[in-house]
Amino acid sequence: MPIAYEEVDNLARLPFKFFKRSNYAPKAPTHWHTGIEIDYLVSGEDFKVVIAGQTHHYNSGDIWAIDRSQIHAATGHKDRSYYVMGLIIDNNFLEKEYPSSKNWRIKMDHISRDTASYRQLRKNLITIAKLVDQPISDSIRFLILSEFFQMIALIDSEYTEKTAVTTPPNQSLADTVIAYIANNSSTNITAQSIAEHFRISQVTLNKELSQVTKLPLVLISQDFTTQCLKSLLLRPFSKFKIIFFEL
């Protein structure tokens, strides 16, 4: 089964991507991204989300999170429509501005609605949803950021477990390689040429990518032709730039 890496584009001058999907009949391909995703199902019943192999069923009013680099997919009933909103946090921004977030393990599944923290998260998301529909002036940007920062602090205090995380020494290298592949998908690149470009072995290349993505993967087989590589990169899902396959 193909697993796609989603290249996330932030909103202008904001450290996250925000999305709203009404009359939504979800059938998102299995994919992953480096940032934490927070979702809110405004309306709809039995919205199925598979996160890291575990199937969850959400209903109107539910809020949940998808942690960094977790493989996930969403599906719904064909005869129903859903309204979902949420955001994907820029992981580089989060780790730079909130260094302790590197030790987060998100625990936000079917959270109780009878809590002040749930009501605050819901308010933050709804307020951001309204604000991003306006031109992002300096004042609107600061209002959005105030809601966003409240969410970050609340997630930290209420919805995380703190674990000691050892960052792979070459995580920045892996991120750079992923970006390089996405930016050069139209050229004649192979696993060998990528390894030579970064002056590392193909074994090291695959090892570092596996550490960061948490996937058992073969990035690009030495036997892949250029056309085969392009066919993977140019799947119908235009925003899913890089395709990996489970072994």
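The model is predicted, so local features are taken only where pLDDT is at least 70 and side-chain atom pairs only at pLDDT 80 or more, while totals for chains, interfaces and linings use all residues. Residues are numbered from 1 along each chain as its sequence is written, and side-chain values use heavy atoms, with hydrogens and water left out.

**Charged pairs**

Side chains of opposite charge can pair when their charged atoms come close. A search of the whole structure finds eight salt bridges, the term meaning a side-chain nitrogen of Lys or Arg within 4 Å of a carboxyl oxygen of Asp or Glu.

Select K17 and E6 to begin, where the side chains form a salt bridge with an N to O distance of 3.3 Å. K17 belongs to strand β2 (residues 16–24) and E6 to strand β1 (residues 2–6), so the pair ties together parts that are 11 residues apart in sequence. Helices (H or I, at least four residues) and strands (E, at least two) are DSSP runs numbered from the N terminus. K17 is buried, with a relative accessible area of 15%, and E6 is buried as well, with a value of 4%; here buried means under 20% relative accessible area, exposed over 50%, and partly exposed in between, using a 1.4 Å probe and protein chains only.

Next, select R13 and D138, whose closest N and O atoms are 3.0 Å apart in a salt bridge. This pair links distant parts of the chain, with R13 in the loop between β1 and β2 and D138 in helix α3 (residues 138–158), 125 residues apart. R13 is partly exposed at 44% relative accessible area, whereas D138 counts as exposed at 51%.

Then move to K123 and E147, another salt bridge, with an N to O distance of 3.3 Å. The pair connects helix α2 (residues 116–131), which holds K123, with helix α3, which holds E147, across 24 residues. K123 is partly exposed at 41% relative accessibility, while E147 is buried at 8%.

**A covered strand**

Select strand β9 (residues 82–89), in which seven of the eight residues are buried.

**Positive phi angles**

Most residues other than glycine have a negative phi. D46, however, has a positive phi near 55 degrees; select this residue in the loop between β4 and β5 (47–51), where D46 is partly exposed at 25% relative accessibility. S69 likewise has a positive phi, of about 60 degrees, although it is not a glycine, and S69 is found in the loop between β7 (63–66) and β8 (72–75), buried at 7%.

**Nonpolar cores**

Finally, select I38, L87 and M108, which touch the most other members of the largest nonpolar core, a set of 32 residues. Such a core consists of buried Ala, Val, Leu, Ile, Met, Phe, Trp, Tyr and Cys residues joined through side-chain atoms within 4.5 Å. Helix α3 gives the most to this core, with eight residues. Apart from this core lies another, of 10 residues, among them L41, I51, Y58 and I66.
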